[in-house]
Amino acid sequence: MNRKIIVISGERDSGKTRLMYAICSLLDLDGHSIGGMIQVPTLPAHEKSTYTISDQSTGLSQVILSQNQKEGYTPFQKFYINNDAFNWANNQIITACSSNDYIIFDEIGKLELMKDGFYPSLQYALKNYEGIIIMNIRTSFLNEILEAFSIEKNSILHITSSLSSDEAYKLVSNYE
């Protein structure tokens, strides 16, 4: 299968999610359906102490990582993982694969390399989804992620977070 994958790369806080939002907004305006998960932005000048994701199919959101320990959360670096939220997110993404033009993953990184986080839904999408996958990956993890998921570098459209929204969208729309 000739899988279509778009990777938006950049370092931490370089604008990967901002660019993904812009691309998704323009795709939506052009009538495309989008499923998957994207981070809810933190207010300007506020430290990220929690990470909340929003389901692009339903608009529902859940906290996936928090610096505050809560019952049922498991430790991961300076955060605690809400495994129930990740289970919900993975189920939502797998369901979205049956009815959307694009599936987005914000962001693929250390958790997925440990076969956690979005790992189950990304594996599912890579094997079964027939639309276009868009994912954010920190540049420092890019090669490791591509290798871990058996994604050939020459099979992706690679966009850097330094591009403007218009430049990135032009590349995406020509990739369809």
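Begin by selecting Ser121, which lies in helix 4 (residues 119–128), where helices (H or I, at least four residues) and strands (E, at least two) are DSSP runs numbered from the N terminus. This is a predicted model, in which local features need pLDDT of at least 70 and side-chain atom pairs count only at pLDDT 80 or more, while totals for chains, interfaces and linings use all residues. Residues are numbered from 1 along each chain as its sequence is written, and side-chain values use heavy atoms, with hydrogens and water left out.

Ser121 is buried at 0% relative accessibility; buried means under 20% relative accessible area, exposed over 50% and partly exposed in between (1.4 Å probe, protein chains only). Show Asn90 next, since its side chain makes a polar contact with that of Ser121 at 2.5 Å (a pair of N or O atoms within 3.5 Å; within protein, one must be able to donate a hydrogen and the other to accept it, and residues adjacent in sequence count only if both atoms are side-chain atoms). Beyond its neighbours within four places in sequence, Ser121 is in contact (heavy atoms within 4.5 Å) with Asn90, Ile93, Ile94 and Phe105.

Now move to helix 6 (residues 165–175), where Ala168, Tyr169, Val172 and Tyr175 are buried. They lie on the same side of helix 6 because they cover an arc of only 120° around the axis, taken from the directions from the helix axis to the C-beta atoms. Asp166, Lys170 and Asn174, on the other side of helix 6, are exposed.
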